[in-house]
Amino acid sequence: VRQREMDAILKRYDALGTQASLLAGFAITSLTALTSVSDPTAVNRVVCHTFFATSVCCLLSCLHVIICTMYTCNWAPALALRGPSGSLTRAYKAVRGEKNQINAFFTVGIISFAVQTVCAVWILDETPKWTYDSIAATAILGLAGVVIFWYHRRMHGRFFGDSAKLLDVDSDAVAAAAAAAEATAAALAVAAAAAAPAAAVV
């Protein structure tokens, strides 16, 4: 059970690493493709600084996710297969321990990329003042963020709500329950074997 759970987590990390690579590529493309940011009269400086900050934040967050997922996907199976006794448990706990920070940095990368995209729209207008296009892009981003957050909460409730608590079971508890079931079965078998001679005598 623990091996299968670790394999499932590693597949998810591999997918996150691939998506982070794509986000990093998009961020670098936007950062290098816009040339109007060098003209102080054509771009609002606040928007320009926000664009650079979110570009770097997206790039660094995605690189962090790529590196962490690469190390985890390489080291965990090697430790579980070639390590000393108890290495599978150690690898499983290490894989589970990296989940929160990898998800957090990946979320930061997505948010930074969304803000960078809106800033790119403001920069492409080539005017320091607001335009209808820039306002529309910002409004669409805000609305999309609200909708995405709502769908995220709905999906989280479906998978991890009260109806899905049985799916969120620790493998240690599963192993303990299996051991208890085996012990109970062995005790019943011994009791049955002891009762068989007495029944034959009667």
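A: The largest share of the lining of the second largest pocket comes from H2, with six residues. Helices here are DSSP runs (H or I, at least four residues), numbered from the N terminus, as strands are (E, at least two). The model is a predicted one, in which local features need pLDDT of at least 70 and side-chain atom pairs count only at pLDDT 80 or more, while totals for chains, interfaces and linings use all residues. Residues are numbered from 1 along each chain as its sequence is written, and side-chain values use heavy atoms, with hydrogens and water left out.

Two elements give two or more residues to this lining: helix H2 (45-82) and helix H3 (87-97). The lining consists of Cys68, Tyr71, Thr72, Trp75, Ala76, Leu79, Ala91, Ala94, Val95 and Glu98. A pocket is an open set of points on a 1 Å grid over the protein atoms alone, where a 1.4 Å probe fits, with protein on both sides within 12 Å along at least five of seven lines; lining residues have an atom within 4 Å of a point.

By residue class, the lining divides into eight nonpolar, one polar and one charged. Ala, Val, Leu, Ile, Met, Phe, Trp, Tyr, Cys and Pro count as nonpolar, Asp, Glu, Lys and Arg as charged, and the others, Gly among them, as polar.

The space in the second largest pocket comes to about 190 Å³, a volume being the space filled by probe spheres set on the points, which are joined across faces, edges and corners.

Elsewhere, helix H4 (residues 99-124) meets helix H5 (residues 132-160) at an angle of about 165 degrees, with their axes 8 Å apart; axes are lines fitted to C-alpha atoms, for helices over the stretch in contact, and angles run from 0 to 180 degrees between N-to-C directions.
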